[in-house]
Amino acid sequence: MGNDMNGAESLVSTLVSGGVNMCFANPGTSEMHFVAALDRIEGMRCVLCLYEGVVTGAADAYYRMTGEPASTLLHLGPGLGNGLANLHNARKARSGVVNIVGEHAGYHIKHDAPLTSDIEGVARPMSDWVRTALSAKTVAADGALAIQAAREAPGRVATLILPADTAWGDADGPAPVLPPVARQQVAGDAISAGARALTCGEPALLLLGGVALRGRALELAGQIAAKTGCSIMAESGVARMECGAGRVHVPRLPFVVDAALAALKGIRQLILVGAKSPVSFFAYPGKPSVLIPEACAVTKVAGVESDLEGALEALAAALDAHHTQAARVAALARPALPAGKVTPDGIAAVLAALLPEQAIVIDEAITTGRGFDASMTGAPPHDWLSIMGGSIGWGLPAAVGAAIAAPERKVIALEGDGSAMYTLQALWTMAREHLDVTVIVFANRSYKILHAELANVGAGAPGRRAIDMLTLDRPNLDWVALAKAQGVEAGRATSLEELAQQFKRGLASRGPYLVELVI
Ligand SMILES: Cc1ncc(C[n+]2csc(CCOP(=O)(O)OP(=O)(O)O)c2C)c(N)n1
């Protein structure tokens, strides 16, 4: 094609040849040449999302499940702005994303047309790499750099701004993309320090994060625990953790400060592999920000960007743990289906009793899901993805991204009703793309977490006006209708028996199904 290409075609061609073949999109006029290029260049799957928060949340989970960045297509500053909350979550999850953001043609910007804004300024806080393309001749090379930036370990958000004239002007063809750089190996000193901390005789905790929560790395952590007697734990949010039967069970650090302090009590040696030393989500009067005991020493063996499996391999070798039977390997043990009134433990039992093998669980269950962790240990092997940046409205978009990334696996989205309302347009994309997702909405008609937070920050007993800011009643949301209106089959459950029945219905369908669980 060579000289017959315009800039947009050279960019799409670069993305596809560079391994980025998924685009979550919400386009406008300035992106029309990019959209047209999708018809002319083979190899890019493009999925329309009806709100930019769906675009960016889907890209986050797509990366978590494939290890490859998706591209987004967003409409100037406001379109990018609508997507920022989930880009923030993606960045905290260390997900690689290539944002393509349309911009006016260079000569048009001085006229301050309605959609003109400082796009780089909007992009910067939620991006690790930002560039505005300068010409149609160089936009392909910019695209190649964006892919390289997104792939930089552990995964980064790269934003390429595409002025319309760089899209429609003549290009020279695609640009080559360099292969990803391998993760950096951890230095011997850090391994020795970790081994010393684990064997000094004091109560030790191996805290895991990032890709240390998967595959061989998990097994090695279990062997190290068995050999040294240390505890193992994961950070409170996990980008993607392999859980369930046959895997080393790694409990997550609790979200609630008092529970986290209790879990860390007595620890004298904290050893970090892909995790940060834990701090509380918020500051609360009279409670510490730092969650480890004062007398606890911290040894950072490996940052989240390094070769975590290699680090655990070296640590296991230094401890002679390789031949040990891994500790805490969970056996398959499904609970019996419970009956009666809906309680968080009852919900967890229904999930554990019915969860399909290799399910991908998207966890935005907020208060309802706090105890799910322990109950799911004996369920068949599955992956657990949490919201990583605390910006709610992530779960339904993430379910879209995960289902597209792993079409052979069932996706289960566990959603607080408040959280689900932020980005419910994701349901339409699930229907349009026939995605194999079962959504359970925990309809407690409340921002329940904030009732407790009001007390936790010492704001006193709430009056009627404050309570109105924390409740989702008057009117109650009709989730069955909200789903059906977007083409997603749905049903309501008001007891644990009905939940089991509805969940089974969702699991039996090969497309999207939503269960409204009234709590
Ligand atoms: C973007 C964003 N806006 C607001 C908040 C504050 N916030 C945290 S949790 C929450 C309510 C969650 O409600 P729901 O999903 O129904 O879960 P529940 O608390 O009822 O378990 C809100 C508003 C946030 N974290 N992120």
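Which residues point one way from β15, and which the other way? Val437, Val439, Val441 and Ala443 point one way, while Thr438, Ile440 and Phe442 point the other, and all are buried. Bear in mind that this is a predicted model. Here are my notes, point by point.

1. **Overall build.** The protein chain carries 20 helices and 17 strands. Its radius of gyration is 24 Å, which agrees with the value near 24 Å that a compact globule of 519 residues would have. If you want a box for the C-alpha atoms, roughly 65 × 60 × 45 Å along the principal axes will do.

2. Of the 519 residues, 55% count as buried. Take the contacts with a separation of 6 or more: 80% of them come from residues 24 or more positions apart.

3. The accessible surface of the chain is about 20,600 Å², and carbon and sulfur atoms own 54% of that. On the charge side, I have 42 positive and 49 negative side chains, with the centres of the two sets 6 Å apart.

4. **Strand β15 and its neighbours.** Back to the opening strand, residues 437–443: seven of its seven residues are buried. Strand β14 (residues 411–416) runs parallel to β15 and is joined to it by six bridges, with glycine 416 opposite phenylalanine 442. β15 also pairs with strand β17 (residues 513–518), again in the parallel sense and over six bridges. There, alanine 443 stands opposite valine 518.

5. **Strand β6.** This one is also mostly covered, with seven of its seven residues buried. One side holds Val157, Thr159, Ile161 and Pro163, the other Ala158, Leu160 and Leu162, and all are buried. β4 and β6 pair in the parallel sense over seven bridges, and glycine 102 has leucine 162 as its bridge partner in β6. Strand β5 (residues 129–132) is joined to β6 by four bridges and runs parallel to it; valine 130 stands opposite threonine 159.

6. **Helix α1.** What makes α1 (residues 7–17) largely enclosed? Nine of its 11 residues are buried, so the helix is largely enclosed by the rest of the structure. The buried set is Gly7, Ala8, Glu9, Ser10, Leu11, Val12, Ser13, Thr14 and Leu15. Note that Glu9 is on that list, if you plan to look at individual side chains. The buried residues pack against several elements, including α2 (32–40), β3 (70–74), β4 (97–103) and β6 (157–163). The helices α6 (139–151) and α7 (164–168) are also among the packing partners.

7. **Helix α14.** Residues 395–405 form another mostly covered helix, with 10 of 11 residues buried. Among the buried ones are Gly395, Leu396, Pro397, Val400, Gly401 and Ile404. Ala398, Ala399, Ala402 and Ala403 are buried too.

8. **Two single residues.** Threonine 56 sits in helix α3 (residues 52–66). It counts as buried because its relative accessibility is 0%, where the cut-off is under 20%. Leaving out residues up to four places away in sequence, threonine 56 touches Leu74, Gly83, Asn86 and Leu87. Glycine 121, in helix α5 (residues 119–123), is partly exposed at a relative accessible area of 32%. Between glycine 121 and threonine 368 there are 247 residues in sequence and 37 Å in space, C-alpha to C-alpha.

9. **Backbone spots to check.** Most residues other than glycine have a negative phi, and most peptide bonds are trans. Here are the spots that go the other way. The bond joining alanine 153 and proline 154 is cis, with omega about 5°, and proline 154 lies in the loop between α6 and β6. The bond from arginine 474 to proline 475 is cis as well, with omega near 0°; proline 475 is in the loop between α18 (464–468) and α19 (479–484). Arginine 328 has a positive phi of about 65°. Arginine 328 lies in the loop between α11 (308–318) and α12 (344–354) and is partly exposed at 41%. Glutamine 358 also has a positive phi of about 65°. Its place is the loop between α12 and β12 (360–364), and at 29% relative accessibility glutamine 358 counts as partly exposed.

Definitions and conventions. Residues numbered from 1 in each chain as written. Predicted model: local features only at pLDDT ≥ 70, side-chain atom pairs only at ≥ 80, totals over all residues. Heavy atoms only, no water. Helix = DSSP H or I, 4+ residues; strand = E, 2+ residues; numbered from the N terminus. Rg over C-alpha atoms; globule rule 2.2 N^0.38 Å. Buried < 20%, exposed > 50% of the residue type's maximum accessible area, 1.4 Å probe, protein only. Contact = heavy atoms within 4.5 Å. Areas by Shrake-Rupley, 256 points an atom, 1.4 Å probe, with all protein chains shown as cover. Lys, Arg positive; Asp, Glu negative; His and termini not counted. Charge placed at Lys NZ, Arg CZ, Asp CG, Glu CD. Pairing = 2+ DSSP bridges.
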